[in-house]
Amino acid sequence: MSQIKDEIILRGLKENNLKNIDLNIQKGKITVFTGLSGSGKSSVAFDTLATESKRQMTMNYPLYVRNQMPRYERPHADLMQNLSPVVVVEQRAVAGNSRSTVASYMDIDPLIRLLFSRIAKPSIGSATDYTRQSSFGRCPKCDGFGQVVEADLDQLVDFDKSLRDYAVQFKPLSPAGWQGRWMMTCGLFDPDLPIKDYDQETQDLFIYGPPGGGTVDAPFHTKNGPQNAQWDGLLPRFTRLYINRDISKLKQVSQEDVLAVSKHEECPLCEGTGLNPAVLESKINDLNILDYRALELTEILTELKKIKDPLGQSIAQQTIPLIKQLIRMGLGYLTLSRKMKTLSGGEAQRVKIARHLASSLNNMTYIFDEPSAGLHPEEVDQLIQMLNRIKRQYNTVIVIEHDLSVIKAADQVIEMGPKAGVSGGEVVYQGKAEGLTSSVEASTSLDHPLKIKKNVRSIQDYFKIKDANNNNLKNIKVDIPKNVLVSVAGVSGSGKSSLMLEAFPEKYPETIRVSQDPIGISSRSTLATYMGIMDDIRAVFARETGQSVGLFSFNSTGACPVCDGKGVVEPDLAFADPITITCEACGGTRYSDKARSYFYRGKNIVEILELTIEEALNYFERAKIIQKVQTLKDVGLAYLTLGQTTSSLSGGEVQRLKLASHLKEEGQIYLLDEPSLGLHAKDNEKLLDLFQKIVDNGNSVVVIEHNLDFIAASDWVIELGPEGGKRGGQIIFEGRPAELAKADTLTAKWLKRELKE
């Protein structure tokens, strides 16, 4: 065994599909794990190395502290030595609520508010007073909402209906709720008479309450007899209970429900900002806090450097590194007020990376899960520089990646394989990147030729978009060809998503969209359940055996009674590390003895779920099942089993599963948001073949893509730019891939470079 301390030593790794492998990973270097999706890359980097490092870190704390911290089960491995603290940057979508902004996500917002509270003139008080959440900071007229909200009587009440027939359109005040039943039984109103037929006095009492305000006696009838209650009018009651109140804690009604029966307009006092006007009078160098948040990051940097006040400078010096980190990631065009949910995939990925890199600690291990995901080739170049900066600060960098540019920049490449799933989990290559080409077993080749499509399809008709101005789009007009393969390219933030995921579906709502949104994975969700195949399988078993459908579900009556359908048991070990043990009663199958005692075509339910997609095609007879299984094979998942849990899938496998679930739908326009995300070059070839087949069948396929293989294989390319943010939002190229190779755009630049190589 190696005695070198500058190597991470891993022996006998068996997590997930790993085949008892041994690895030495150099410290202070960039190591890239590559290989087909599902080959075992994440099992080494995340499920073994990162998990064990976190587990050992928590062991440094007293037991009573550890009991309050996340607890990790020791990975299945014989030996793990010389680990260092890890920083994990996963591909998972950026978390945050609908109000989360770049400033709040990066923890810049508290610093800006602190800065204003200390040096802005006139001073108004504490840092929290610069927010809509404080009693002083919020606008007194709209209560910080930014809009004045009042009930819309025409939406709230259908005057042609009676109370019993749901004249009140708001559920909590309708007969579905106690208040609606009270209105009908209190004796003030006829529950069966249309509201329009009430005399004027009764109608006013119902809507506005008694003349001059106040209340009137209206007994509430219960099984114990009438109870004293006071009627105050429908509008006063709605305003008091649902507008002038925090309804977030109510279970039966949401803000959307209230707004549906309300009218709202911009608050005239705060002009929609939600802030007390006094807050906006407080300024630094003639800029208030809203002005700061509206500046681009490069402009904020200039403003922070202007500050001369010693106290202000000390706060600015804490803010500047965070701003610079975002700018170095090519995001200088963003504003602090930009909502996180409006960022493109590439922008969100870089903001997330920037947040993790603000630390000056060294001798750490940084593990990145496909950091090039969503990035234009121009931005991948910036990413490589960033990875090298981390390495130069005496850190170890481990990257799971398919992008050849990142692979070429690595000090060491480890390819997992030879295939995926049960056919993966082995080390097929370890060494310098250039050695991949001569490796017999490696699937990755640095000599990946880029082929410009020459026999492009003819164009007969177009989808037409006019005056699109969503987000940063500059009132653009574009014709997107029908019944061909179209790629929409451009740097992050150039307007691709605004055009294709907003403006296009608005005009063509029949579009079938496959987005980057997560699929909602859990340990109880399988390929078969996600694709709807399991329902058909259970129906077949029920029909053949005469038993209930629930018997063939481990989430219902068919669950093993010992492990409750989980397949494993987790004994309570108090403060010790958790441990997961395969259930002895069901052998990990999740099903009860009774469920496993019934057979269809020689196999019980467990044996059927153990079939691979390839095997299932030859096993089933029902066309409905075969069609769904075939779709999984079409997207390259033939090696997975029907019972594979979605929580165990790699990022690339999840992407293809999501695509398969949409391809079973009927439609003529397929719009895919970066389908190459998380896929190896060989997997991309399969996807491209599938797209060409879909187009040949008379459909239109549009992909938002940075991957040059997809762009080169398209019939038509549209590029937005020239840059991101305010400097984007324009069409800078429309034409054939061969024409793009002669153009002067950022995508063309990298296309030419690949063609030369």
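**Strand pairing, a helix contact and a buried glutamine**

Strands β12 (residues 365-369) and β13 (residues 396-400) pair in the parallel sense over 5 bridges; pairing requires at least two bridges found by DSSP, and strands (E, at least two residues) and helices (H or I, at least four) are DSSP runs numbered from the N terminus. The model is predicted: local features need pLDDT of at least 70, side-chain atom pairs count only at pLDDT 80 or more, and totals for chains, interfaces and linings use all residues. Residues are numbered from 1 along each chain as its sequence is written, and side-chain values use heavy atoms, with hydrogens and water left out.

D369 stands opposite I400 in β13. An open sheet of 6 strands, with mixed pairing, runs in the order β5-β12-β13-β3-β14-β15. Its edge strands, β5 (86-89) and β15 (426-431), each pair on one side only.

The axes of helix α15 (residues 377-392) and helix α28 (residues 746-756) come within 8 Å and cross at roughly 75°; axes are lines fitted to C-alpha atoms, for helices over the stretch in contact, and angles run from 0 to 180 degrees between N-to-C directions. Helix α15 is therefore roughly perpendicular to α28 (65 to 115 degrees). P377, E378 and D381 of α15 meet L746, K749 and W750 of α28, contact meaning heavy atoms within 4.5 Å.

Q179 lies in helix α6 (residues 178-185) and is buried, with a relative accessible area of 4% (buried: under 20%, 1.4 Å probe, protein chains only). Apart from residues up to four places away in sequence, Q179 touches P172, L173, R237, L241 and Y242.

Note on methods: Parallel < 35°, antiparallel > 145°, perpendicular 65-115°, else oblique. Buried < 20%, exposed > 50% of the residue type's maximum accessible area, 1.4 Å probe, protein only.
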